[in-house]
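Please look over the sequence and the structure shown below before reading on.

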Amino acid sequence: MSRIQLALNVDDLDASIAFYSRLFATEPAKVRTGYANFAVTDPPLKLVLIENPGHGGSVNHLGVEVADTDTVDAEQTRLAEAGFASVDERGTTCCYAKQDKFWVTGTPNGESWEIYTVLADSPTPNGEAEGQECCTHLLVEPSPAQEAASSACC
């Protein structure tokens with residue numbers, strides 16, 4: 001199964017969780033400090049909310065969540081054959097999840113697109129406990145909380 005990921009900056013996480021819970025008639029799949037995500041069935045959507053006061057309503061980044069690493073690899077190969085460059089991140093921890101992913105580079109408007117699969121849940125936003133490098137530097141308008149976390153892990 002694949003679904004589009006939409007990561008939004010929000011001013012108030014609690015108010016946004018309440019709104020999107022009602023809008024999509026579903027509760028969040030994960031809630032952490034400054035972060036929540038929804039696995040919406042209909043329409044198939046991974047909605048990520050990143051608390052970033054003063055930037056609410058803007059896109060943080062976009063993505064496509066896929067079923068497994070083989071699909072990540074197949075998409076990266078397909079896009080490379082179509083002339084797209086990418087930045088590979090395997091076994092990385094980002095947004096409270098260990099992931100295999102890549103970021104598409106050279107987008108025409110500077111938007112950040114990732115193709116990823118979730119390998120496991122993480123207790124930390126960016127893998128600080130595992131000594132991982134984090135992906136925050138690739139996000140559009142990282143929140144103050146993300147910047148603080150990235151300074152600890154990057």
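Ser 16 counts as buried because its relative accessibility is 12%, where buried means under 20% relative accessible area, exposed means over 50% and partly exposed lies in between, for a 1.4 Å probe and protein chains only. This is a predicted model, in which local features need pLDDT of at least 70 and side-chain atom pairs count only at pLDDT 80 or more, while totals for chains, interfaces and linings use all residues. Residues are numbered from 1 along each chain as its sequence is written, and side-chain values use heavy atoms, with hydrogens and water left out.

Ser 16 sits in helix α1, which covers residues 13-24; helices (H or I, at least four residues) and strands (E, at least two) are DSSP runs, numbered from the N terminus. A polar atom of the Ser 16 side chain lies 3.0 Å from the backbone oxygen of Asp 12. When residues up to four places away in sequence are not counted, Ser 16 touches Val 10 and Leu 49, a contact being heavy atoms within 4.5 Å.

## Aromatic pairs

The whole structure holds three aromatic pairs, a term for rings of Phe, Tyr and Trp (its six-membered ring) whose centres lie within 6.5 Å, with planes under 30 degrees apart counted as stacked, over 60 as edge-to-face and the rest as tilted. Phe 19 and Tyr 20 form an edge-to-face pair, at 4.9 Å centre to centre and with 85° between the planes. Phe 19 is partly exposed, at a relative accessible area of 39%, whereas Tyr 20 is buried, at 17% relative accessibility.

Tyr 35 and Tyr 96 form a tilted pair, because their planes stand at 45°, with the ring centres 5.3 Å apart. This pair links distant parts of the chain, 61 residues apart, since Tyr 35 belongs to strand β3 (residues 35-40) and Tyr 96 to the loop between β6 (86-94) and β7 (97-104). Both Tyr 35 and Tyr 96 are buried. Ring pairs also link Phe 19, Tyr 20 and Phe 24 into a cluster.

## The sheet

Eight strands form an open sheet with mixed pairing, in the order β2-β3-β4-β1-β5-β8-β7-β6, where two strands pair if DSSP finds at least two bridges between them. β2 (30-32) and β6 stand at the edges with a single partner strand each, so one side of each is left without a neighbour in the sheet. From one strand to the next the twist averages 20°.

Seven of the eight residues of β7 are buried.

Axes here are lines fitted to C-alpha atoms, for helices over the stretch in contact, and angles run from 0 to 180 degrees between N-to-C directions.

How values were computed
Polar contact = N/O pair within 3.5 Å; in protein donor to acceptor, adjacent residues only side chain to side chain.
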